[in-house]
Amino acid sequence: MNGVLKGMLSEWFSSGFLSLERVTWHSPCEVLQRISEAEAVHPVKNWMDMKRRVGPYRRCYFFSHCSTPGEPLIVLHVALTSDISNNIQAIVKECPPSETEERNRIAVAIFYSLSLTQQGLQGVELGTFLIKRVVKELQKEFPHLGAFSSLSPIPGFTKWLLGLLNSQTKEYGRNELFTDSECKEITEITGGPIQETLKVMLSSSEWVKSEKLVRALQAPLMRLCAWYLYGEKHRGFALNPVANFHLQNGAVMWRINWMADSSLRGLTGSCGLMVNYRYYLEETGPNSIAYLGSKNIKASEQVLSLVAQFQKNSKL
């Protein structure tokens with residue numbers, strides 16, 4: 001029954017029946033309200049926040065179905081920037097540089113939030129279609145646009161890491177996550193056994209209050225995150241659902257960003273880390289085929305270097 005229903009929904013919501021609509025501050029109030037309530041990645045705080053997200057240097061698009069025009073099914077937020085963003089607060093909190101867009105300041109489109117408004121449509125490839133359509137729209141509006149990239153959360157990373165720390169604690173004396181010098185430095189800062197102390201600290205956001213601890217954790221958490229994204233698999237595909245989505249679309253795992261999300265959700269969910277999945281438009285087709293067919297992940301030198309460091313320091 002699940003399979004039959006999914007097949008029917010996929011047909012009913014295929015791209016031919018979907019209309020792409022752009023949201024601006026002059027869109028109907030109920031549409032803005034619906035999009036604000038549906039935002040699942042970076043919650044909208046108030047109307048001024050919403051106004052910024054549909055204002056200058058920002059774009060917001062949604063798909064509606066021909067049977068329910070104007071009703072958002074899935075929403076994509078885009079930031080128009082001069083380079084590939086490595087911090088989400090710069091996008092969702094800071095005011096745009098000016099009220100009028102200067103085209104020469106726009107070189108990159110950053111996809112920073114993709115939210116379904118209808119949870120029953122999970123598994124239907126609306127997100128993939130929406131990104132492709134939005135890329136075409138942006139290319140029409142900005143023919144000079146040079147790069148397309150996401151700035152994506154890493155849900156599940158902290159939970160995975162705490163599981164590793166827990167299993168290491170049980171196997172006393174075994175440490176494959178941190179180098180000797182890292183263990184010494186972190187222990188000196190925290191004043192306790194590294195696994196037990198970090199389990200408590202990483203479960204909350206308190207650890208970022210110590211600049212020394214933030215510096216000491218950067219190298220180990222960056223390489224652990226790279227392994228989580230690149231090396232941890234489910235049936236041969238990336239375990240992380242966001243990574244799996246972008247890799248299926250043919251994106252490259254391009255850059256892992258330290259302290260990219262300092263919100264409570266970002267710190268407790270992924271230790272403040274975020275990742276750019278970069279879309280090289282001429283390569284997305286071959287990359288997608290290689291991933292879906294051979295389960296090959298296309299990654300940058302930065303990511304592969306961090307993975308190699310993890311493998312060198314660990315026998316996992």
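**Exercise 1.** How many salt bridges does the structure hold?

*Solution.* The model is a predicted one, and the structure holds ten salt bridges. As background, side chains of opposite charge can pair when their charged atoms come close.

**Exercise 2.** Work out where arginine 53 and aspartate 49 stand relative to each other, and whether they are buried or exposed.

*Solution.* Begin with the contact itself: the two side chains, those of arginine 53 and aspartate 49, meet in a salt bridge at 3.1 Å, N to O. Next, consider the helix: because arginine 53 and aspartate 49 are four residues apart in helix H3 (residues 47–53), about one helical turn separates them.

**Exercise 3.** Describe the salt bridge between glutamate 141 and arginine 59, and classify each partner by its accessibility.

*Solution.* In the salt bridge of glutamate 141 with arginine 59, the closest N and O atoms are 2.6 Å apart. This pair links distant parts of the chain, since glutamate 141 lies in helix H5 (residues 126–141) and arginine 59 in strand S2 (residues 58–65), 82 residues apart. For the classification, buried means under 20% relative accessible area; arginine 59, at 2% relative accessibility, therefore counts as buried, whereas glutamate 141, with a relative accessible area of 27%, is partly exposed.

How values were computed: Residues numbered from 1 in each chain as written. Predicted model: local features only at pLDDT ≥ 70, side-chain atom pairs only at ≥ 80, totals over all residues. Heavy atoms only, no water. Salt bridge = Lys/Arg side-chain N within 4 Å of Asp/Glu carboxyl O. Helix = DSSP H or I, 4+ residues; strand = E, 2+ residues; numbered from the N terminus. Buried < 20%, exposed > 50% of the residue type's maximum accessible area, 1.4 Å probe, protein only.
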